[in-house]
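Thank you for sending this model for comment. My remarks follow as numbered points, to be read beside the coordinates.

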Amino acid sequence: EENIPIVVTTWKFINSTVKAWEVLKEGGEALDAIELGASVCEKQQCDGTVGYGGSPDENGETTLDALIMNGKTMNVGAVGALRGIKDAISVARHVLEHTKHSFLVGELATQFAVEMGFHRETLVTPQSKEMWKKWFNEDHCQPNFWMNVKPDPRKSCGPYSKQSSKKYDEDIEGHMKVDRYNHDTIGMVAIDKNGDVAAGTSTNGAKFKIPGRIGDSPIPGSGAYADNTVGGAAATGDGDIMLRFLPSFLAVEEMRRGSSPTSAARVAVERIVAYYPDFMGAVVALSKVGKHGAACHGITSFPYVVHDTTQESYKVIEVKCS
Ligand code: SD4
């Protein structure tokens with residue numbers, strides 16, 4: 001039984017899902033559904049973790065990572081650490097459609113975007129400036145219990161730097177509870193009425209990251225993956241860890257071998273857990289016939305949104321995590 005068209009989205013990013021569904025319902029293409037759907041979150045700054053004005057880096061700048069993949073042609077467009085352009089997934093789409101490349105990064109990705117007609121503007125907002133100031137004044141490079149010298153302020157000393165890796169490990173051990181889970185990427189997989197599969201992601205990454213850092217989200221096979229002959233998958237969570245395992249690719253390959261979307265997602269998550277028992281993240285998988293499932297770890301539960309023809313409206317599915 002085929003259940004297409006259909007779209008699935010990580011977390012409770014409902015407005016994006018509804019937008020993608022509108023495209024699919026009208027007979028539109030999966031790629032457009034992904035681009036237009038994720039764009040909604042970029043404009044609405046979903047959760048503060050997608051789009052401009054969130055997750056300032058150590059210098060207070062927001063940079064964006066996004067990916068879009070066409071499962072029919074196996075073509076990819078991605079941007080990493082994109083500066084000064086709000087429409088990250090659309091820039092990724094332009095990389096896909098207008099170049100022979102797959103991935104552009106940083107300032108030079110911005111130049112490409114400007115040449116393509118995108119508007120350059122600051123991604124800093126009063127809120128992101130405040131967030132950054134508070135972190136900089138209260139936490140940044142402060143001496144703490146295992147260091148009796150103040151770290152060299154010229155060197156990176158944010159939560160992801162080597163200088164604070166001890167603290168990070170302590171946190172993982174549970175000695176100090178901090179909000180490590182400060183990122184909620186939008187990841188989407190869509191199948192249109194022709195059976196074409198597309199997937200994509202958009203995020204502003206991790207708070208107070210070292211400038212230049214990109215996570216899993218823009219990496220094909222990591223943040224998302226699509227293949228018409230199988231289906232697609234998308235991931236969210238601790239990107240520095242996740243990108244080492246290409247969980248979206250793995251989930252798709254598991255489905256290729258006959259696994260259900262749920263067990264495919266579970267295999268992808270468990271592969272990471274085997275090495276990083278404290279990692280936090282989730283994978284959602286969608287088969288080419290429109291079956292879906294998800295798996296997650298390190299949080300209590302993980303919601304994802306589905307929109308298809310079986311219901312009048314979208315549906316939020318809450319998965320219990322391992
Ligand atoms: C990252 N994976 O940059 C992204 C953030 C995220 O759910 O997923 N959050 O690490």
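1. How many bridges join S2 to S3, and in which sense do the two strands run? This is a predicted model, and in it seven bridges join S2 to S3, with the strands running antiparallel. Within this pairing, Leu-64 has Leu-82 of S3 as its bridge partner.

2. On its other pairing, S3 is joined to S4 in the parallel sense over three bridges, and in S4 the bridge partner of Val-79 is Leu-104. Eight of the nine residues of S3 are buried, so this strand is largely enclosed by the rest of the structure.

3. As to the chain as a whole, the protein has nine helices and twelve strands, and 53% of its 322 residues count as buried. Among the contacts with a separation of 6 or more, 63% come from residues 24 or more positions apart.

4. Eight of the strands form an open sheet of mixed pairing, in the order S4-S3-S2-S6-S5-S1-S11-S12. The edges are S4 and strand S12 (315–320), each of which pairs on one side only, and neighbouring strands of the sheet are turned against each other by 15° on average, direction ignored. Further along that order, strand S1 (residues 6–10) and strand S5 (residues 186–191) run antiparallel and are joined by four bridges; here Val-7 has Ala-190 in S5 as its bridge partner.

5. H2 lies across S1, S2, S5 and S6, running at about 15° to S6, whereas H3 lies across S2, S3, S4 and S6 and runs at about 135° to S3. The axes of H2 and H3 come within 8 Å and cross at roughly 150°. Their contact is made by Glu-35, Ala-38, Ser-39 and Glu-42 of H2 and by Ala-88, Ile-89, Ser-90 and Arg-93 of H3, residues that divide into three nonpolar, two polar and three charged.

6. Helix H3 (residues 88–98) is mostly covered, with nine of its eleven residues buried. The buried set runs through Ala-88, Ile-89, Ser-90, Val-91, Ala-92, Arg-93, His-94, Val-95 and Leu-96. These residues pack against helix H2 (30–44), strand S2 (63–70), strand S3 (75–83), strand S4 (103–105), helix H4 (106–115) and strand S6 (197–203).

7. Leaving aside residues up to four places away in sequence, Val-91 touches Val-79, Leu-82, Ile-85, Ala-109, Ala-113 and Phe-118. By way of contrast, the C-alpha atoms of Val-91 and Ser-128, 37 residues apart along the chain, are separated by 23 Å.

8. H2 also packs with helix H1 (residues 14–25), at an angle of about 150° and with the axes 8 Å apart; that makes H1 roughly antiparallel to H2, and the crossing is right-handed. On the H1 side the contact includes Asn-15, Ala-20, Val-23 and Leu-24, and on the H2 side it includes Ile-34, Leu-36, Ala-38 and Val-40. By class, the contact of H1 with H2 has nine nonpolar, five polar and two charged residues. Ala-38 of H2 takes part both in this contact and in the contact with H3.

9. A further open sheet has four strands in the order S7-S8-S9-S10, with antiparallel pairing. Its edge strands are strand S7 (224–227) and strand S10 (292–297), each pairing on one side only, and its neighbouring strands are turned by 10° against each other on average, direction ignored. Six bridges join strand S9 (residues 281–287) to S10, and Val-283 stands opposite Ala-295 in S10.

10. Two helices accompany this four-stranded sheet. Helix H8 (residues 247–256) lies across S7, strand S8 (231–237) and S9, running at about 145° to S8, while helix H9 (residues 261–275) touches S8, S9 and S10 and makes about 20° with the direction of S10.

Notes:
Residues numbered from 1 in each chain as written. Predicted model: local features only at pLDDT ≥ 70, side-chain atom pairs only at ≥ 80, totals over all residues. Buried ≥ 20, exposed ≤ 12 C-beta atoms within 10 Å, placed from the backbone. Contact = placed C-beta atoms within 7 Å. Pairing = 2+ DSSP bridges. Axes fitted to C-alpha atoms, helices over the stretch in contact; angles between N-to-C directions. Parallel < 35°, antiparallel > 145°, perpendicular 65-115°, else oblique. Left-handed = near helix turned anticlockwise from the far one by under 90°. Nonpolar A, V, L, I, M, F, W, Y, C, P; charged D, E, K, R; others polar.
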